[in-house]
Amino acid sequence: MGIFSFFSRDEDDEDELMQDPAAQSARQSDSAPTGELYEGMRLDVMTKEGEPLLSGRVIGRTEDSLTLGRLPGELSFKITTLGKEVSLSGYDKKLLPICLSATVQASSRTSFLLKNLKVERHAENRETFRLPYNAPLSLYRKDDDHFKNPEDCQLINISTGGCCVQSEYIHMEEEIIRIRVKLDDYAPLTFLGQIVRCVEHAPGVFWYGVLFAQLSEQEITSLNKTLYNLQMGIKDTHMRSEEGHW
């Protein structure tokens with residue numbers, strides 16, 4: 001079996017991998033349910049251009065405002081310009097997506113206050129739960145099977161089907177790569193992947209849509225549980241501890 005036999009792809013998969021978290025609301029659908037805010041919920045905050053600003057948890061809310069506090073283990077927030085328009089995204093306890101637009105009313109190292117909240121409805125496939133998540137990521141060439149020459153990159157989002165990676169390194173579509181990423185307190189994950197989309201997100205900064213080699217049902221279940229726990233802020237380190245075929 002050739003290495004490409006491990007990959008299954010279509011244009012919808014590629015578009016989903018490269019979807020800017022801040023632009024999810026562009027895929028609107030009146031029939032698509034939207035998530036509900038709750039105390040302790042994790043939300044990722046981005047600029048309207050899709051640049052990550054911070055991730056926090058809901059510590060207070062009214063009909064027109066929302067206050068975010070720091071996530072457990074996080075040191076401080078990045079100070080953001082008052083009046084700046086931002087996008088927020090996350091998933092509720094039922095794994096329903098929620099996407100908001102808002103303006104920054106107050107910004108400090110420990111809290112983040114938003115006003116003029118607007119819920120933006122969008123279509124989302126719950127069977128392919130995709131988590132916007134910023135974390136350091138190491139990318140390796142396919143023949144570097146001993147992981148000796150890492151390229152330092154940044155994870156943008158991840159699902160059981162693939163991920164979006166931000167990098168200053170140049171790669172080509174169809175290239176086979178290896179990825180190693182550590183999500184919070186969970187054991188490091190290693191994936192075999194194929195670059196299916198390349199976009200220059202900013203001068204000298206590239207976003208790569210990476211399609212994972214097909215995971216087993218057990219691996220899909222385990223990874224989905226991890227992504228759900230990260231979204232909910234649940235500390236559960238019961239995860240495959242060996243670096244395997246992912």
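Predicted model: local features only at pLDDT ≥ 70, side-chain atom pairs only at ≥ 80, totals over all residues.
**Helix 2**

I checked the length next. Helix 2 covers residues 217-232, and at 1.5 Å a residue its 16 residues should span 22 Å; the end C-alpha atoms are 22 Å apart, so the two agree. Then I looked at burial: Glu 219, Ile 220, Leu 223, Thr 226, Leu 227, Asn 229, Leu 230, Gln 231 and Met 232 are buried. I traced what these buried residues pack against, and the partners are strand 1 (42-47), strand 4 (85-91), strand 7 (131-141), strand 8 (151-158) and strand 11 (189-202).

**Cores**

I went on to the largest nonpolar core, which has 27 residues, with Leu 183 and Val 210 making the most contacts inside it. Strands 7, 8, 9, 10, 11 and 12, along with helix 2, each give two or more residues to this core. Strand 7 has the largest share, 5 residues. I followed Leu 183 beyond its neighbours within four places in sequence: Leu 183 touches Tyr 133, Ala 135, Leu 155, Ile 158, Leu 189, Leu 227 and Leu 230. Apart from this core I noted another, of 21 residues, including Val 86, Ala 102, Phe 112 and Leu 117.

Last, I turned to the largest pocket, which holds about 530 Å³ of space. Its lining has 25 residues, and Arg 42, Ser 55, Leu 71, Glu 74 and Tyr 133 are the closest to the centre. Strand 2 (52-61), strand 7 and helix 2 each give two or more residues to the lining. I sorted the lining by class and got 11 nonpolar, 8 polar and 6 charged residues.

Notes:
Residues numbered from 1 in each chain as written. Heavy atoms only, no water. Helix = DSSP H or I, 4+ residues; strand = E, 2+ residues; numbered from the N terminus. Expected span 1.5 Å × (residues − 1). Buried < 20%, exposed > 50% of the residue type's maximum accessible area, 1.4 Å probe, protein only. Contact = heavy atoms within 4.5 Å. Core = buried A, V, L, I, M, F, W, Y, C linked by side-chain atoms within 4.5 Å. 1 Å grid on protein atoms, 1.4 Å probe; cavity = no way out; pocket = protein on both sides within 12 Å on 5 of 7 lines; lining within 4 Å. Points joined across faces, edges and corners; volume = space filled by probe spheres on them. Nonpolar A, V, L, I, M, F, W, Y, C, P; charged D, E, K, R; others polar.
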